[in-house]
Amino acid sequence: MEAFFRTHRYLVEHANAPVRRILMDEINWNDRMIGIKGTRGVGKTTFLLQYAKENFDLLDKQCLYINMNNFYFQGQGIASFAGKFYKQGGRVLLIDQVFKQPDWSSELRKCYDLYPNLKIVFTGSSVMRLKDENPELNGIVKSYNLRGFSFREFINLMTGNNFKPYTLEEILQDHEHIIKQILPKASPNKYFQDYIHHGFYPFFQEHRNYSENLLKTMNMMTEVDILLVKQIELKYLTKIKKLFYQIAEEGASKAPNVSKLAQDIETSRATVMNYIKYLTDARLLNLIYPVGQEFPKKPTKIMLHNSNLMYAIYPIQVDKQEAMETFFVNSLWKDHKVNSCSTRDANYVVDEKLKFRVIDAKATGKQRTSPDIIYARYNTEIGKDNQIPLWLLGFLY
């Protein structure tokens with residue numbers, strides 16, 4: 001046990017979280033079983049260590065971080081280890097990559113039933129369905145999602161500011177006033193393209209090639225998260241990867257041709273749709289449907305989950321309009337429902353009532369506007385009335 005405490009102390013002491021994630025204040029830390037899901041690379045490990053750093057003294061043995069990558073846990077169940085920790089006065093167990101442990105959900109249930117004063121906070125893949133696929137956790141686990149950096153978090157890191165998030169309602173009603181509070185302190189346009197290219201995943205701060213690192217992360221999402229969590233045979237991996245590349249290459253400007261995709265990877269339409277769902281759960285894709293429709297129906301659009309992914313897949317030429325729409329959908333995705341719009345004048349419907357169009361503020365020619373549509377404009381820092389700068393939607397979280 002002492003070896004685990006030594007590792008814990010070292011990791012917590014050296015944890016580097018220059019931007020405090022807003023999720024830290026959204027979680028009800030009084031709950032006994034807390035699951036934090038998120039895609040690879042968004043900072044789940046750092047998040048756990050930061051929680052320990054903020055709430056416990058470095059030498060306090062009531063809190064312990066462990067990682068299921070440790071070979072020790074191949075011969076030791078979570079419940080057995082938790083029991084030893086609990087008997088020594090342990091009260092908060094932070095478990096990283098819980099899905100690496102066989103029977104992890106039943107082991108967590110044992111911990112919950114056997115050790116009433118033990119709190120467990122665990123991280124897992126975004127592909128996991130904590131309650132749907134693990135009924136033993138129903139009613140006892142509170143699940144949260146940790147996302148990649150928002151543009152707000154990115155610009156705070158780059159400028160040293162501490163800009164707060166705003167709700168969509170606040171932005172729509174008061175964006176002109178909000179912008180006046182931000183512009184004297186920072187120029188969003190100076191950082192926006194950098195964020196679009198490499199700002200979503202916190203590992204951009206590392207001294208490594210970002211695109212190569214992101215490609216490695218994307219491969220791990222498919223090779224480990226999807227195959228391991230969904231229990232898919234290794235022989236189907238190449239089909240999933242080929243499908244992902246085909247979708248990325250075709251772009252989101254037109255509805256996907258599922259029959260052609262099935263033909264290209266030599267499988268059935270139903271299997272293609274299942275693979276698309278897995279890639280969506282892994283936060284590699286976003287599916288856009290008309291209002292009232294959802295999976296397993298064919299989506300109107302299939303988009304990459306965030307714009308950084310677009311720049312990492314070579315030799316795709318990134319379309320500026322598509323990158324901006326990808327940012328729009330990704331920014332709203334956390335707390336809002338985004339659907340495709342049936343009218344020609346708008347691109348999207350948000351929360352089944354608000355019509356949006358993403359447009360270039362510098363586009364030549366006269367642009368017809370409608371009072372019923374909200375225009376999210378890029379290539380500008382300011383807005384007026386129903387025309388808001390697109391970058392401001394990056395302040396939603």
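Buried residues are those under 20% relative accessible area, exposed residues those over 50%, and partly exposed residues those in between, with a 1.4 Å probe and protein chains only. Helices (H or I, at least four residues) and strands (E, at least two) are DSSP runs numbered from the N terminus. The model is predicted, and local features need pLDDT of at least 70, side-chain atom pairs count only at pLDDT 80 or more, and totals for chains, interfaces and linings use all residues. Residues are numbered from 1 along each chain as its sequence is written, and side-chain values use heavy atoms, with hydrogens and water left out.

The protein chain is divided into domain 1 (1-146), domain 2 (155-192 + 326-396) and domain 3 (200-304), with bounds that come from an automatic or database domain assignment. The centres of domain 1 and domain 2, taken over C-alpha atoms, lie 36 Å apart.

Helix α4 (residues 78-87) is largely enclosed by the rest of the structure, because seven of its 10 residues are buried. These buried residues are I78, A79, F81, A82, G83, F85 and Y86. They pack against α1, β2, β3 and α5 (104-114), where contact means heavy atoms within 4.5 Å. G89 follows α4 and has a positive phi, near 100°.

At 1.5 Å a residue, the 12 residues of α3 should span 16 Å, which agrees with the 17 Å between its end C-alpha atoms; the expected span is 1.5 Å times one less than the number of residues. K44, F47, L48, L49, Q50, Y51 and A52 are the buried residues of α3. The partners against which the buried residues of α3 pack are α1, α2 (23-26), β1 (33-38), β2 (63-67), β3 (92-96) and β4 (119-125).

Two helix pairs were described further. Two packed helices are described by the angle between their axes and the distance between the axes. Axes are lines fitted to C-alpha atoms, for helices over the stretch in contact, and angles run from 0 to 180 degrees between N-to-C directions. Angles under 35 degrees count as roughly parallel, over 145 as roughly antiparallel, 65 to 115 as roughly perpendicular and the rest as oblique.

On the α1 side the contact is made by H8, L11, V12 and E13, and on the α3 side by L49, A52 and K53. Four of the contact residues are nonpolar, one is polar and two are charged. In this grouping Ala, Val, Leu, Ile, Met, Phe, Trp, Tyr, Cys and Pro count as nonpolar, Asp, Glu, Lys and Arg as charged, and the others, Gly among them, as polar.

In the second pair, helix α11 (residues 258-265) and helix α12 (residues 269-281) pack at an angle of about 95°, with axes 9 Å apart. This angle makes α11 roughly perpendicular to α12. Residues V258, S259, L261, A262 and I265 of α11 meet R269, V272, M273 and Y275 of α12. The contact of α11 with α12 comprises seven nonpolar residues, one polar and one charged.

The loop between α11 and α12 holds T267, which is partly exposed at 25% relative accessibility. Apart from neighbours within four places in sequence, T267 is in contact with A262 and V272. The C-alpha atoms of T267 and K239 are separated by 8.5 Å, although the two residues are 28 apart along the chain.

Most residues other than glycine have a negative phi, and most peptide bonds are trans. Q231, in the loop between α9 (210-230) and α10 (237-250), has a positive phi near 55° and is exposed, with a relative accessible area of 64%. E352, in the loop between β9 (348-350) and β10 (354-360), also has a positive phi, of about 65°, without being a glycine. At 45% relative accessibility, E352 is partly exposed. Its contacts, leaving aside neighbours within four places in sequence, are V291, K337 and N339. The C-alpha atoms of E352 and A312, 40 residues apart along the chain, are 32 Å apart. The peptide bond from F295 to P296 is cis, with omega near 15°, and P296 is placed in the loop between β6 (285-288) and β7 (301-304).
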